[in-house]
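Subject: Structure for your review

Dear colleague,

Please find below the structure that I am handing over to you. My findings follow directly after it.

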Amino acid sequence: MTPEFINDFRNTISQAYEGLRKIDEAQAAAKPEADQWSIKELIGHLLDSASNNHQRIVRLQIFDAIEFPFYQQDDFVRINDYQNESWEFLLAFWRLYNLHLLHIIEKVDRTKLENIWLTSDERKLSLAYIIEDYLKHLKHHLSQIAER
């Protein structure tokens, strides 16, 4: 990954963390609608994304191609019960997990960037794509939080 990408990722984590720290427990737990995720649940979803992508990034440096199960995001958020987790804990965990992913991405074996994840809907996504898409996904949900 380019130095620009790495800096963008690092700055995204740092700036988002500083902004998220200003949100209190009640605001983090508030649901805009009964069927919409709270900020806690959005951060939980981003933790799930970090966890799923952590496995992809590591395993695609071991194997040329690999299949992973479909990610059932609503089930993950419900089962992890992020709504009832401490906001302080979720925020610290999110920050640290993303800093660890950044560390792995900084050290990624560039000869493996074209290794393929075979998705359950038969798409073939390269490791490079997965890494770039992870940051896009992260920014998307952080912007949703910022709009609240």
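Please note that the model is a predicted one. Met 1 has a relative accessibility of 13% and therefore counts as buried, since the cut-off for a buried residue is under 20%. Its C-alpha atom is 7.9 Å from that of Ala 128, although 127 residues separate Met 1 and Ala 128 in sequence. With neighbours within four places in sequence left aside, the contacts of Met 1 are Ile 6, Ile 105, Val 108, Arg 110, Leu 113, Ile 131 and Glu 132.

Apart from neighbours within four places in sequence, Ile 131 contacts Met 1, Phe 5, Ile 57, Ile 105, Val 108 and Leu 113. Ile 131 is also one of the residues that touch the most other members of the largest nonpolar core, together with Phe 9, Leu 20, Ile 43 and Trp 94. That core holds 45 residues. Two or more of its residues come from each of helix H1 (3-20), helix H3 (39-59), H5 and helix H6 (127-146). In soluble globular proteins, nonpolar side chains tend to be buried together.

Asn 98 belongs to helix H5, which spans residues 87-106, and its relative accessible area of 0% makes Asn 98 buried. Ser 38 lies in the loop that joins helix H2 (25-29) to H3. Ser 38, too, counts as buried, at 0% relative accessibility. Beyond its neighbours within four places in sequence, Ser 38 is in contact with Ala 28, Ala 29, Ala 30, Lys 31, Gln 83 and Arg 148.

I would also draw your attention to two backbone angles. Most residues other than glycine have a negative phi. Asp 81, however, has a positive phi, near 50 degrees. This residue is in the loop between helix H4 (73-80) and H5; at 35% relative accessibility, Asp 81 counts as partly exposed. Glu 122 likewise has a positive phi, in this case near 70 degrees. Glu 122 is placed in the loop between strand S2 (116-118) and strand S3 (124-126), and is exposed, with a relative accessible area of 71%.

Turning to the chain as a whole, the protein has six helices and three strands, in the order α-α-α-β-α-α-β-β-α from the N terminus. The radius of gyration is 16 Å, close to the 15 Å that the globule rule gives for 148 residues, so the chain is as compact as a globular protein of that length. Along the principal axes, its C-alpha atoms fill a box of roughly 45 × 30 × 20 Å. Of the 148 residues, 43% are buried. Among contacts with a separation of 6 or more, 78% are between residues 24 or more positions apart.

As for the surface, the chain exposes about 8,500 Å², of which carbon and sulfur atoms supply 50%.

With kind regards

Terms used:
Residues numbered from 1 in each chain as written. Predicted model: local features only at pLDDT ≥ 70, side-chain atom pairs only at ≥ 80, totals over all residues. Heavy atoms only, no water. Helix = DSSP H or I, 4+ residues; strand = E, 2+ residues; numbered from the N terminus. Rg over C-alpha atoms; globule rule 2.2 N^0.38 Å. Buried < 20%, exposed > 50% of the residue type's maximum accessible area, 1.4 Å probe, protein only. Contact = heavy atoms within 4.5 Å. Areas by Shrake-Rupley, 256 points an atom, 1.4 Å probe, with all protein chains shown as cover. Core = buried A, V, L, I, M, F, W, Y, C linked by side-chain atoms within 4.5 Å.
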